[in-house]
Amino acid sequence: MDGLDRLRRFVCDLTRLTDAGAGEPEVLQDAGASLRALVAADDWLPPEFAEPHPAQYRQYLLYCDPYERFSVVSFVWGPGQRTPVHDHTVWGLIGMLRGSEISRSYAPAGGGLLAGAAEQLRPGDVTAVSPTIGDIHSVENALADRPSISIHAYGANIGAVGRHVFVLDTGEAKPFVSGYANRAVPNLWDRSAETRARLGI
Ligand code: FE
């Protein structure tokens with residue numbers, strides 16, 4: 001298996017889990033295992049979805065379920081880039097594909113938000129966020145000299161979800177909608193070479 005077949009397989013696994021009505025613990029476990037398989041190989045992400053921007057991190061949509069029950073994105077960090085402290089409001093899985101990133105969790109304390117544990121992800125690592133297991137964090141590229149890329153799945157069309165960024169001192173939540181950096185998504189469906197090979201033409 002190579003190329004976008006890896007991504008298509010991940011999308012099929014997410015669709016199967018979603019259609020089966022899997023609850024969040026099952027989704028995080030089973031889709032997490034599938035994401036771990038996806039990021040175990042770094043040979044499939046098309047370069048246009050791995051392109052950093054000089055000024056800010058990029059979120060490229062790779063796939064969205066037709067009913068917007070889940071989405072898959074690539075998150076591309078230039079050197080030194082980081083997110084504000086933010087939430088997701090739905091489950092999210094993060095798989096490190098290339099380079100390294102640091103995620104720091106935050107919890108309400110004394111009217112503001114207090115920084116908790118930091119977790120550094122390296123290629124092949126998978127972690128999760130959600131309102132039930134901890135949803136507020138900031139993420140940054142751990143590498144000062146090159147881009148890092150992680151693949152995320154979320155339990156909604158994440159670029160269109162009404163979310164929040166937070167002011168640390170006061171805990172104030174400000175509305176935030178992330179959007180996507182791309183207008184076109186990868187073509188997972190050109191399987192003509194496979195068919196031609198099968199037909200011997
Ligand atoms: Fe996040």
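**View 1. Helix α2 and its span.** Helix α2 takes in residues 24–39 of this predicted model. Its 16 residues carry the helix 21 Å from the first C-alpha to the last, close to the 22 Å expected at 1.5 Å a residue.

**View 2. The buried residues of α2 and what covers them.** Have a look along the helix for V27, L28, A31, G32, S34, L35, L38 and V39, which are the buried residues of α2. An α-helix has 3.6 residues a turn, so residues three or four places apart point the same way. Which elements cover the buried residues of α2? Among them are helix α1 (5–19) and the strands β3 (92–98), β6 (126–129) and β8 (148–154).

**View 3. Y57 and F75, a stacked pair.** Searching the whole structure turns up five aromatic pairs, and here is one of them: the ring centres of Y57 and F75 are 5.3 Å apart. Their planes meet at 15 degrees, so this pair is stacked. The two partners come from distant parts of the chain, 18 residues apart: Y57 is in the loop between α2 and β1 (58–64), and F75 is in strand β2 (residues 71–77). Is F75 buried or exposed? With a relative accessibility of 8%, F75 counts as buried, because the cut-off for that is under 20%.

**View 4. Y57 and W77, a tilted pair.** Stay with Y57 and turn to W77: the centres of these rings are 5.3 Å apart, but the planes stand at 40 degrees, so the pair is tilted. This pair, too, links distant parts of the chain, with Y57 in the loop between α2 and β1 and W77 in strand β2, 20 residues apart. W77 has a relative accessibility of 0% and therefore counts as buried. Put together, the ring pairs link Y57, F75 and W77 into a cluster.

**View 5. Stepping back to the whole protein.** What radius of gyration does the protein have? The value is 17 Å, which agrees with the figure near 17 Å for a compact globule of 201 residues. Along the principal axes, the C-alpha atoms fill a box of roughly 70 × 40 × 30 Å. Buried residues account for 45% of the 201 residues. Of the contacts with a separation of 6 or more, 74% join residues 24 or more positions apart. The accessible surface comes to about 10100 Å², and carbon and sulfur atoms contribute 52% of that area.

Definitions and conventions. Residues numbered from 1 in each chain as written. Predicted model: local features only at pLDDT ≥ 70, side-chain atom pairs only at ≥ 80, totals over all residues. Heavy atoms only, no water. Helix = DSSP H or I, 4+ residues; strand = E, 2+ residues; numbered from the N terminus. Expected span 1.5 Å × (residues − 1). Buried < 20%, exposed > 50% of the residue type's maximum accessible area, 1.4 Å probe, protein only. Contact = heavy atoms within 4.5 Å. Phe/Tyr/Trp six-rings, centres within 6.5 Å; stacked < 30°, edge-to-face > 60°. Rg over C-alpha atoms; globule rule 2.2 N^0.38 Å. Areas by Shrake-Rupley, 256 points an atom, 1.4 Å probe, with all protein chains shown as cover.
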